[in-house]
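A short briefing is set out by topic.

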Protein chains: 4
Amino acid sequence: MQALLDEIIEKTRPLIGLGKVANYIPALGCVEPNQLGIAVYSNEGELFCAGDAHTPFSIQSISKVFSLVQAVSHSGEAIWQRLGYEPSGQPFNSLVQLELERGIPRNPFINTGALVICDINESCFAAPSLSMRDMARRLSGNCEIVIDSKVAESEYQHRARNAAAAYLMKSFGNFHNDVDSVLRSYFNHCALRMNCADLARAFCFLANAGVCKHNGETIMSPRQAKQINAIMATSGLYDEAGNFAYRVGLPGKSGVGGGIVAVVPGRYSICVWSPELNPSGNSLAGLAALEMLSDRIGWSVF
Amino acid sequence: MQALLDEIIEKTRPLIGLGKVANYIPALGCVEPNQLGIAVYSNEGELFCAGDAHTPFSIQSISKVFSLVQAVSHSGEAIWQRLGYEPSGQPFNSLVQLELERGIPRNPFINTGALVICDINESCFAAPSLSMRDMARRLSGNCEIVIDSKVAESEYQHRARNAAAAYLMKSFGNFHNDVDSVLRSYFNHCALRMNCADLARAFCFLANAGVCKHNGETIMSPRQAKQINAIMATSGLYDEAGNFAYRVGLPGKSGVGGGIVAVVPGRYSICVWSPELNPSGNSLAGLAALEMLSDRIGWSVF
Amino acid sequence: MQALLDEIIEKTRPLIGLGKVANYIPALGCVEPNQLGIAVYSNEGELFCAGDAHTPFSIQSISKVFSLVQAVSHSGEAIWQRLGYEPSGQPFNSLVQLELERGIPRNPFINTGALVICDINESCFAAPSLSMRDMARRLSGNCEIVIDSKVAESEYQHRARNAAAAYLMKSFGNFHNDVDSVLRSYFNHCALRMNCADLARAFCFLANAGVCKHNGETIMSPRQAKQINAIMATSGLYDEAGNFAYRVGLPGKSGVGGGIVAVVPGRYSICVWSPELNPSGNSLAGLAALEMLSDRIGWSVF
Amino acid sequence: MQALLDEIIEKTRPLIGLGKVANYIPALGCVEPNQLGIAVYSNEGELFCAGDAHTPFSIQSISKVFSLVQAVSHSGEAIWQRLGYEPSGQPFNSLVQLELERGIPRNPFINTGALVICDINESCFAAPSLSMRDMARRLSGNCEIVIDSKVAESEYQHRARNAAAAYLMKSFGNFHNDVDSVLRSYFNHCALRMNCADLARAFCFLANAGVCKHNGETIMSPRQAKQINAIMATSGLYDEAGNFAYRVGLPGKSGVGGGIVAVVPGRYSICVWSPELNPSGNSLAGLAALEMLSDRIGWSVF
């Protein structure tokens, strides 16, 4: 495995330069593009790393999985009265569908759906940002994980599109808390800094029937873990979910910070990271690395 | 397995009466609603059946998988220049997306995508309808499978929506043959009559790395079989793909005749059938049977 | 004329009861529905009134004309770089078109366009709400016109939809000031209380080549007055502009308070009012009164 | 008047070269671009011409007014159960709105609405194309007007977009006759060849309260003439109706052959022609000429 990961890093590194670092906020745009890391964590508790697997990065939309897990753990099936789990078929931040469907987001992995999840959590947790940070620490076993407040503040300053979505949902009665407060929480989640090794370990419970391997904690039931994997499989990569299923064949979730997590149910959790994105907003080299990995070991669930 | 299938039939049969038989053409509307069948075919070649598994029905959109297999086998990756493999997020026959995306359908399992596939096949095969019928016979091992010409003719008489889609694609240069001819082929495919046992056997190659178990024929490469499963997983159940992943967790394809096929990669191919549909156009009792089956044996790929 | 107005009031009063008072905010919903007034002001300075022409009401979207006049007077043609003057073909508060057209509203008489106009004015006037109130006083010659702060506050509390629109435009770079401040101004404009006589007089300059009859003040050039009439003719009645042209044939602007103003270029300005609305949000009895008036005197510009 | 028309031709001729001749069918694309004509016909029966006012051209969508007049004359208000008279806010051939509004076109001057009108006429007239040609002859007083069958055939060969629209309406039950037959009629109407003088005379009845000046024939009631003018004012220039009202201020209808007709109610009917189009599909030099004409004589209805 270690040799394979090293080889994959070597073979995909030449792709760096073909993508584009996210720059819609200055704090993200200044990341060094020439980085590529991968980490694989097995259900037996082994961790394999290659490349820049220990460099922390902004997890961005990968945090949407943590938010969903938090909401499912706390509120269960009731959350599905406020959003769906169907692929959206629209860009990640589109309001068109949201208006046509009267404020009910398609799934928890587009921005609008994640905002509803944050609104749900805002009603349930005294300090949602700290709960989330602590959950990331607990799942990964790394108690040094922090929220990058500079990134969070920068995102808040550029909140217009997400504020529009939140207010639109509020106009349909599907947003209960103060918009600005929930946006603060949302951006704090996005601004968590974790590395590939952290994330591979943190997602182990989805490969391991809901149980966190390194500390034995039960995060959710086996059925719930399958359900979250299913949502990742159909909606985890923005408008490239079909492409990811076609090429990689695993449940996954990406973020504009360049990270992608993937799950091999019953066996492994994976994280790749490279900051440059393809036009759909997913890590260009990261996707290539995952495709090669899945292909070489035959990990596609299909 | 046999006991389990019998139990599932018994437990889901009470759902009959809650759905609605498709009646957009008279020839479909007159089917006896009180029917429910299931068939499971293993990669070892064993067939298990329960309920009305030997009653033929109109396979309708399940034929879209056969058309795609035919196109992929003959034309390979080139077909993806004319359509995508992303979930559509729109009702199965919507033209909105097609117009916004300039005549390129999202995937081969919505009507517009299937029409493009038929247009591709029309250019490659002398007698597309007969080729398709023969392929269904070969894959299932049942040489008595026929096209129900009454259904095909009735669909043709009610072709307006599909004709609109075909002409719209033609206006964007993505439809090369005579619209009426391709529609004839398309409706002939939909009008194939097969039973659950036929379909379970016919889909074996997708569970078996591209090889047809009962006659050893290689239909496609293992990679191609995975890719088709991936497309079924993200786009196989109209606007209910996410729900199917969430509840059943298998690649699948449904038809308005009430049939649903599903694939357990590496192990089984399945067909359920019951004519009454839910509001999304998928077999109501069939979905429930598949959910129970997947749940009881833990077959979800996630 | 007086006899005709009396007759029209008598004949349209029976329509009261067929519409529905706007109730999206409590402060509007409590108006007495059984009211109907009409006022006609000639370019010679004669005022004719009938029914409840002296009862003040909330002018709501009629204020969008005042805002536009203020912006045109101050900033001229430059404003058309930030919005258009085409009919929208969409409900008055839809965000779909706004997103597809990258934050540029179709015209100044839908909410999104009026918000941009308010944003423009916010950058030009020290106290936009007071300027607007003073303009309404000056144009109508009634210095007792006030802003109903209870209505304004109630609208602000229910601002979600308009806030969504403003933030969406901000995300496209087409909104420069603080969203909440501009919304405060916008709702203050909407909350002006005027009666039919006030409004008929206040709109005289649009019938009179830009000149306010009662005080001789030049508000704008004859060409600018024609242009504003043109925009009212194609976009003044929400998604009923075509119907208004077909039935009444005059430039007009309506508000959900039940008022409608209309202009007979070169001759008259008119205001009707009755609180109950038709399904398009325009005064039901008011529309009927205007249709009868235009029909009887042959005032249609067509 | 004659001097003014000569001056306008001279001043707008330099704009030739800035637009683009319609070339979606070869038969239209081969017109000589360097042409510009204008004709004004007064309600007193005087005709003023300048430039290439006697050169016939393909009237294209101007024929939509003739079709509507034919339908209104024969079927009256009943036609409005099958289409509306609101501006569409969408490109002239969009299917998006048509699908969302379940097959009911917005107005008779977009393609979809004109197709419904042709479908209505197809049910009422034995030979719709000949009736239409004869009506054009009668209204213009020129019995040499013909249908250019080469253009009609070429349009039919490129019918895909219009066929899509017709079939889509058929799928909603709003199209009763054979699609291909109605398309033949529709393209025949579009392919009428008339010159500016013909069209100015032919549109006189809309300026003259429904009565054809040169032969005294009553085409429709004064009210109906006003209604058609109203529809032209809000929907006559594709997605530029607002611009035309803002700049010209007259009811008008354009065609991709480069012709534009306009009506000064109670006074004049006008036709300008120049083949090169602006990006909205309206004659570039023609629009400029009309704007200058309206501006110089103060003909705007507003």
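Predicted model: local features only at pLDDT ≥ 70, side-chain atom pairs only at ≥ 80, totals over all residues.

Residues are numbered from 1 along each chain as its sequence is written, chains are lettered from A and ligands numbered from 1 in the order in which they are written, and side-chain values use heavy atoms, with hydrogens and water left out.

**Interface of chain A and chain B**

- Chain A and chain B each bring 33 residues to their contact (heavy atoms within 4.5 Å).
- About 2,700 Å² is buried between the two chains, and carbon and sulfur atoms give 55% of this area; buried area is the accessible area (1.4 Å probe) that two parts lose on being put together, summed over both.
- Y85(A), Y246(A) and F302(A) supply 31% of what chain A buries against chain B, more than any other three residues.
- There are 2 salt bridges across this interface, a salt bridge being a side-chain nitrogen of Lys or Arg within 4 Å of a carboxyl oxygen of Asp or Glu.
- D295(A) and R223(B) are joined by a salt bridge, with an N to O distance of 3.2 Å.
- On the side of chain A that touches chain B, helix 12 (222–235) and helix 13 (241–247) of chain A are the elements that give two or more residues; helices are DSSP runs of H or I with at least four residues, numbered from the N terminus.
- Helix 12 of chain A gives the most to that side, with 8 residues.

**Interface of chain B and chain D**

- Here 16 residues from chain B meet 16 residues from chain D.
- The buried area is about 1,300 Å², with 63% from carbon and sulfur atoms.
- E99(B), R161(B) and Y167(B) provide 42% of the area that chain B buries against chain D, more than any other three residues.
- Chain B and chain D share 2 salt bridges.
- E99(B) pairs with R161(D) in a salt bridge whose closest N and O atoms are 3.1 Å apart.
- Helix 4 (96–100) and helix 8 (160–171) of chain B are the elements that give two or more residues to the side of chain B that touches chain D, and helix 8 gives the most, with 8 residues.

**Cysteines**

- Over all chains there are 0 disulfides (cysteine sulfur atoms within 2.5 Å).
- C49(A) is in no disulfide, and the nearest cysteine sulfur, that of C196(A), lies 7.7 Å away.
- C118(B) is likewise in no disulfide, with the sulfur of C190(B) the nearest, at 7.6 Å.
- C118(B) is buried at 2% relative accessibility (under 20% relative accessible area, with exposed over 50% and partly exposed in between; 1.4 Å probe, protein chains only).

**Backbone angles**

- Most residues other than glycine have a negative phi.
- Y238(A), which is not a glycine, has a positive phi of about 50°; Y238(A) lies in the loop between helix 12 and helix 13 of chain A and is buried, at 9% relative accessible area.
- Y238(C) has a positive phi near 55°; this residue is in the loop between helix 12 and helix 13 of chain C and is buried, at 11%.
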